[in-house]
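I am opening my notebook to look through one structure, entry by entry. I will write down what I looked up and what I found.

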Amino acid sequence: MIRRMTDEPPLPTPSLNLHDADARAIASMHQVVRVFANPNRWWQNASFALPLLVTVVALVLGFLLDSTEAKGFGLFALAVTLFMVPVVLLTWRGTATSIVLTTEGATALHLGQPLHEVAWADLQRIEKVEYLGNARYKLVHHDTEFLTIESEIEGAADLVETAFVLSGIPRQHPDEAI
């Protein structure tokens, strides 16, 4: 969503990937420049989805082939799936479902609730962090605090580029593309 910079609250545009709670929270924010959604949901987490898939396949095969071993493995996978539900839900609570850039700073929202905010005036640097082939960015302020831009955020490269423009922070390597 692109908005012109005014003091009036933005009108949320319908997005298939923006959570309803985020859209309501964004509608009450002022001076919104861009909104970037995280289209993922908690149940799409591999720590939950993979054991669930294994459970279904093993149990179906176990009943089709009348295999005690497959049924047993399916029950084991079900136990793993059930064990992972609270773990996934706890980690999901700290995941940004959208990131809102305003003229004043960036706000990471989780289902309409602010998770982390950084004012452009407090921003010290924007770092690119790569881990196992997965790139993410950090908007670092106060040396030890940062807002993380996960690769799951739609348009993460545009988000980082817009953050450089709005904050006025120079790139560490000016020739480097995002």
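**Entry 1: loops and positive phi**

I began with Leu111, which counts as partly exposed at 35% relative accessibility. I then looked up its place and found Leu111 in the loop between strand 3 (105-110) and strand 4 (113-119). Its phi is near 50°, a positive value in a residue other than glycine. I keep in mind that this is a predicted model.

I next turned to Asp66, whose phi is near 50°, again a positive value in a residue other than glycine. Asp66 lies in the loop between helix 2 and helix 3, and with a relative accessible area of 59% I noted Asp66 as exposed, because exposed means over 50%.

Which order do the strands of the open sheet have? I read the order as 5-6-7, an open sheet of three strands with antiparallel pairing. Strand 5 (123-131) and strand 7 (145-149) stand at the edges and have a single partner strand each, so one side of each is left without a neighbour in the sheet. From one strand to the next, the twist averages 25°.

For strand 6 (residues 134-141) and strand 7, I noted antiparallel pairing over five bridges. Looking for partners in strand 7, I found that Lys138 has Thr148 as its bridge partner, while Tyr137 has Ile149. The hairpin of strand 6 and strand 7 has three residues between the strands, and there His142 takes a positive phi near 55°.

**Entry 2: the helix on the sheet**

Which helix packs on the sheet? I found helix 4 (residues 156-167), which touches strand 5, strand 6 and strand 7, and whose direction makes about 160° with that of strand 5.

Notes. Residues numbered from 1 in each chain as written. Predicted model: local features only at pLDDT ≥ 70, side-chain atom pairs only at ≥ 80, totals over all residues. Heavy atoms only, no water. Pairing = 2+ DSSP bridges. Helix = DSSP H or I, 4+ residues; strand = E, 2+ residues; numbered from the N terminus. Axes fitted to C-alpha atoms, helices over the stretch in contact; angles between N-to-C directions. Contact = heavy atoms within 4.5 Å. Buried < 20%, exposed > 50% of the residue type's maximum accessible area, 1.4 Å probe, protein only.
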